[in-house]
Amino acid sequence: MQNPSITLIPREGLAHRGCQAVWLDRATIAVPRHLDAGLRHPPRRQRWVLLWSPLASVDWSGQTVTGLEADDVRLVELEAQPAGLPDQLRARHRAQAVHLALRLPRAAEPLVPEMLTGQLLLGRVLDGRLDVLTGLQLGPVLDDVHAPSARQRELGPHVHGERIHLGLWAPTAQQVHLLLWPADAGSAPPLATARRRAMTRTTDGTWTASLGRDCLGARYLYEVRVHSPATGRIQTNLVTDPWSTGLTVDSQRSVLVDLSDPAALPGGWERSFGPRLRSEVDVAVYELHVRDFSTADGLVPAALRGSYLAFAHDGHGTRHLEALARAGINTVHLLPCFDVASIPEATPMPQPNDAELARLRPDDHRQQQMLAALGDADAFNWGYDPWHWGVPEGSYASTVESADGARRVGEFRVMVHALHQMGLRVVMDQVFTHTAASGQDQRSVLDRITPGYHHRLDAMGLPEGSTTANNVATERLMTEKLMVEMVVRWARDYHVDGFRFDLMGHSSARNMARVRHALDQLTVERDGINGREVHLYGEGWNFGEVADNALFTQATQGQLDGTRIATFNDRIRDAVRGGRPFDEDPRRQGFATGLAGDPNGSRWDVTAAEELGRSTDLLMLGMAGNLRDYSLRCHDGWRRRGDQIDYGGRPAGYAAEPFDVVNYVDAHDNETLWDALTLKLPAKLPMDQRIRMNTLALATVVLGQSPFLWHAGADLLRSKSFDRNSYNSGDWFNRLDWTGAHNGFGRGLPPAPDNMTRWPWLRPLLADPTLKPTPEQVREANHRAHDLLHVRSSTPLLRLGRAELVHQMVHFPVAGTELATPGAVVMHVDNRERLVPGVLDGAVVVLNACPGTVRQPVPSLAGLDLRLCPAQADGRDPVTASARFIDGVLEVPGRTAAVFWQRA
């Protein structure tokens, strides 16, 4: 190991260069080519050495490097490989494919597990002096040496009979102790009162301990002695369990909770499941924030508002959800409600003075200014900053005491059970692509146990931040294990019926396939649920350090064929709303925001007619499942496949099946649909016509062939006063009033950080009292939205379920012809061949975004018996009820969606 011919004399001014080397497997280290200058100069003697210090004696944090002469510093001379990395490693580690390859001597390989527990540096000795010094990224070698075996172990607490087994994977740790407190010790008992117990290390880096069942309810921490690259020192970290089943208030301690304990199960839990769906295209989602659901609900006791238990109380919110379930919504998607770092759980939490805020003008800047001072301390946040993935968030518990241990577990289950009893499935938002913190931050759990492993590191060894947080390396085997097992836990132990994955494109297709496979193994007989019925979808965006499959094959749009995992369809969203979410000018109009006859005066790089044509093409494709191979005659008369239609330089169509996408026009991100309409439609447009456009926009996704999602309140004209990123804007901007008394418009100029550049456009709109709907108008909009849901649920031909049937039965008969009316779409689902037995002979959907009545001749429909569907003929909107079909002509009023049933 030690080579006496090498002396570590540092070059003058030598300083560290981050952690640029990457240890790939037991024998191979990859070094960026820019560090190997001199390799092409044979006269200059060059050697690469691995420095290993169990005590972390080398100090390279300042301007000079010290400690190289310490007794514990050991050297391993490495051999450069002129051919570079072997093909197998190059394929597996794309970011290091062209790096210089260094090999450990075979004699050193048995020492690798021990080396990984100390300080490791890579040095280049050039002409007798230490010329380069950099740290090493250890994630890949830990996957090679330890993870294959550790993946088979039980981690976290597991109850087996009378024993509780604990497992913590910390392969780089030098020592781990379990710190234990009794169940009545409180949320953050003093360290001095802990019972200490040394844990036993296994060969794969897992540390284990066994306790009696009488320890259930006990609080615990892990004391981990480990080298931290963030400090360059051996640290003793006190850390909660990343596999925690329970937590104390504010996540100060983990709690030993038996998730199968009957005491934490509501009555009837074994039969508590969401409704079974015939097909995945039947999924109809309502996206909802737990706190938004009840903070403004006067029927819910004040103590329960904003809590899980509000879902089990007879309130305006539960009544609204029950009505939605009767109309056709079958799934509630809950924004992150696992344990997050941004929401304080202990009370009192500061709250704004609503009366003082209400006295200010609707276009005033002071509301957001007052709320900004409370944003990080109040009870509101979207929760996209994970702390513990497997435990319910404690701020939604009914009391501070209920946030402790098994009680929050029970209250979360009460919420799920209540939603199931309403006839609703429960989807849980999951965030595995980033964490709230990394390094030595007190909220950093993973990184203080196995530093540098669970986060994706940049070229200097720092966590990547393209997600705006600390990016998680889901490509790491043990990170993937955590991801898979937490999803399985929520499905099996909390009866969650589906999952939405945030920034899913930052995970790999392999990650998601393994999640799907693990769920599919769950059976009613063994696990209490049928895992194959769990629905999965996520954000398949392509950006950041992983973009274009730079590191692995991503879980992005068009790369998940056959997995039964859907991605959000932003094509139809942009076609309907207009523009893109980050346009400099937010007034760019779309199909349902004024392109077809309601210009707002903004200027674009194309004509309104061309923009309308492109939007219509994307809309039709989206309604046909956004299939890549669906053939569509476009607005210019040319027939194209879905993947030949352009969407910002990318193929618009990417799905293999209609259930591969989730269509939406509104979500928690960006302005609400109503705010977008208010921003884009001409200010002079009467309120009743604005409401028609809101209904039309919602219809574009309800009446298509794919699953769809509505943001909660879209059916109530919900406004956030134009706030396009309300994650930390408090209850004031996010409040959801189920009664319709206040739709949220005019609560002030939205918070400056994300909205200030738009204030000049927003101020005059907020000041205009005619742009705020009355309670009666909100309720009318709600009734019309419910009519749409009744149309979908009563018309099976809008949910064919298979691409084969869409190709054969779904047509846009006048698209791209001289007969077509710009601003109107006609979709015919033709079942005259009885490909779908036992239902209608056909259904015709007409979307008219024009201000006036469209009389659209459709020769292929001549002679058919088409009548307005009962849900609209007998619905709440007399204007829609006037739509008719006479002598081959569809007559549909302006700004209206109409569905006709075809009978033999």
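Analyst: Glu776 and Arg779 are three residues apart in helix α20 (residues 775-794), which means that about one helical turn separates them. Helices here are DSSP runs of H or I with at least four residues, strands are runs of E with at least two, and both are numbered from the N terminus. The model is a predicted one, in which local features need pLDDT of at least 70 and side-chain atom pairs count only at pLDDT 80 or more, whereas totals for chains, interfaces and linings use all residues. Residues are numbered from 1 along each chain as its sequence is written, and side-chain values use heavy atoms, with hydrogens and water left out.

Glu776 is exposed, at a relative accessible area of 51%, while Arg779, at 37%, counts as partly exposed.

Across the whole structure, a search finds 63 salt bridges. One of them joins the side chains of Arg196 and Glu223, with an N to O distance of 2.9 Å. Since Arg196 belongs to strand β11 (residues 195-198) and Glu223 to strand β14 (residues 219-228), the pair ties together parts that are 27 residues apart in sequence. Arg196 is partly exposed, with a relative accessible area of 46%, but Glu223, at 15%, counts as buried.

Another salt bridge links Arg456 with Glu545, whose closest N and O atoms are 2.8 Å apart. Arg456 is in the loop between β23 (434-435) and β24 (470-471) and Glu545 in the loop between β26 (535-538) and β27 (565-569), so this pair ties together parts that are 89 residues apart in sequence. Arg456 counts as buried at 3% relative accessibility, and Glu545 counts as buried at 17%. Beyond such pairs, a network of salt bridges links Glu280, Arg516, Asp520, Arg532 and Arg564.

A polar atom of the Gln367 side chain lies 2.8 Å from the backbone oxygen of Arg361. Leaving out residues up to four places away in sequence, Gln367 touches Leu357, Leu360, Arg361, Trp732, Arg747 and Gly748, where contact means heavy atoms within 4.5 Å. Gln367 and Leu749 are 382 residues apart in sequence, yet their C-alpha atoms are 7.3 Å apart in space.

The strands give the next part of the setting. Strand β1 (residues 21-25) pairs with β2 in the antiparallel sense over three bridges, two strands being taken as paired if DSSP finds at least two bridges between them. The two form a hairpin with two residues between them, and Trp23 stands opposite Ile29 in β2. Strand β2 also runs antiparallel to strand β5 (residues 100-103), joined by four bridges, with Ile29 opposite Leu102 in β5. Both faces of β2 (residues 28-31) are covered, for Thr28 and Ala30 on one side and Ile29 and Val31 on the other are all buried.

Trp23 and Ile29 return in the nonpolar packing. The largest nonpolar core has 183 residues, and those with the most contacts inside it are Trp23, Ile29, Leu321, Leu703, Phe812 and Leu847; such a core is a set of buried Ala, Val, Leu, Ile, Met, Phe, Trp, Tyr and Cys residues joined through side-chain atoms within 4.5 Å. Helix α10 (residues 477-494) supplies the largest share of this core, eleven residues. Apart from it lies another core, of 25 residues, among them Ala173, Leu211, Tyr222 and Ile449.

Elsewhere, three strands make up an open antiparallel sheet in the order β37-β40-β39. Because β37 (854-857) and β39 (884-886) stand at the edges with a single partner strand each, one side of each is left without a neighbour in the sheet. Strand β39 pairs with strand β40 (residues 889-892) over three bridges in the antiparallel sense, and Glu891 in β40 is the bridge partner of Arg884.

Notes:
Buried means under 20% relative accessible area, exposed over 50%, partly exposed in between (1.4 Å probe, protein chains only). A polar contact is a pair of N or O atoms within 3.5 Å; within protein, one must be able to donate a hydrogen and the other to accept it, and residues adjacent in sequence count only if both atoms are side-chain atoms. A salt bridge is a side-chain nitrogen of Lys or Arg within 4 Å of a carboxyl oxygen of Asp or Glu.
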